[in-house]
Amino acid sequence: MGFIESDHYLHVYANYYTEPGEPGRAIGSHRQGLKPMAAFLHASLEEEEQLRSEFGRIHVCRRFALTR
């Protein structure tokens, strides 16, 4: 079909309802009066092992590009 894999990275889902501490661990600083409930983040594959130990939902994303 003319597509090749062009990049790989992680999708990290930090969700309060999965584990209440996840969003707090994903966010570096907190703002007074705001409580993080969920975060969707990208990370490099080199961080996969560490992130899998901290978060319950990690997926490898494979980006495809159309070749001409």
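This is a predicted model: local features need pLDDT of at least 70, side-chain atom pairs count only at pLDDT 80 or more; totals for chains, interfaces and linings use all residues.
1. In what order do the three strands lie? The open sheet runs β2-β1-β3, and the pairing is antiparallel. Strands β2 (38–43) and β3 are the edge strands, each pairing on one side only. Neighbouring strands in this sheet are turned against each other by 30 degrees on average, direction ignored. In general, the strands of a sheet pair through backbone hydrogen bonds.

2. **How β1 meets its partners.** Strand β1 (residues 3–15) is joined to β2 by six bridges, while ten bridges join β1 to β3. On the β2 side, Asn15 has Ala38 as its bridge partner, and Tyr13 stands opposite Phe40. On the β3 side, His11 has His59 as its bridge partner.

3. The whole structure holds three salt bridges, so let us take them one by one. In one of them, Arg62 pairs with Glu5, and their closest N and O atoms are 3.9 Å apart. Arg62 belongs to strand β3 and Glu5 to strand β1, so this pair ties together parts that are 57 residues apart in sequence. Arg62 is partly exposed, at 46% relative accessibility, and Glu5 is also partly exposed, at 41%.

4. **A salt bridge within a helix.** Helix α2 covers residues 48–54 and includes Glu48. The side chains of Glu48 and Arg52 meet in a salt bridge, with 2.9 Å from N to O. Why are these two separated by about one helical turn? Because they are four residues apart in helix α2. Glu48 counts as partly exposed at 23% relative accessibility, and Arg52 counts as partly exposed at 42%. Glu48 also lets you compare sequence with space: Tyr9 is 39 residues away from Glu48 along the chain, yet their C-alpha atoms are 9.1 Å apart.

5. **The salt bridge of Arg25 and Glu19.** Here the closest N and O atoms of Arg25 and Glu19 are 2.9 Å apart. Arg25 is partly exposed, with 40% relative accessibility. Glu19 is partly exposed too, with 31%.

6. **A loop residue to look at.** Thr18 sits in the loop between β1 and α1 (22–26). Is Thr18 buried or exposed? Its relative accessible area is 55%, and the cut-off for exposed is over 50%, so Thr18 is exposed. Thr18 and Gly56 are 38 residues apart along the chain, but their C-alpha atoms are separated by 7.3 Å.

7. **A nonpolar patch outside.** Which residues form a nonpolar patch on the surface? They are Met1, Phe3, Phe64 and Leu66, and together they have about 530 Å² of accessible area. Leu66 lies in strand β3 (residues 57–66) and is partly exposed, with a relative accessible area of 41%.

Technical notes. Residues are numbered from 1 along each chain as its sequence is written. Side-chain values use heavy atoms; hydrogens and water are left out. Patches are made of residues with over 30% relative accessible area and no salt bridge: like charges are joined within 9 Å, nonpolar side chains (Val, Leu, Ile, Met, Phe, Trp, Tyr) within 5 Å. Accessible areas come from the Shrake-Rupley method with a 1.4 Å probe; for residues, only the protein chains shown count as cover. A salt bridge is a side-chain nitrogen of Lys or Arg within 4 Å of a carboxyl oxygen of Asp or Glu. Buried means under 20% relative accessible area, exposed over 50%, partly exposed in between (1.4 Å probe, protein chains only). Two strands pair if DSSP finds at least two bridges between them. Axes are lines fitted to C-alpha atoms, for helices over the stretch in contact, and angles run from 0 to 180 degrees between N-to-C directions.
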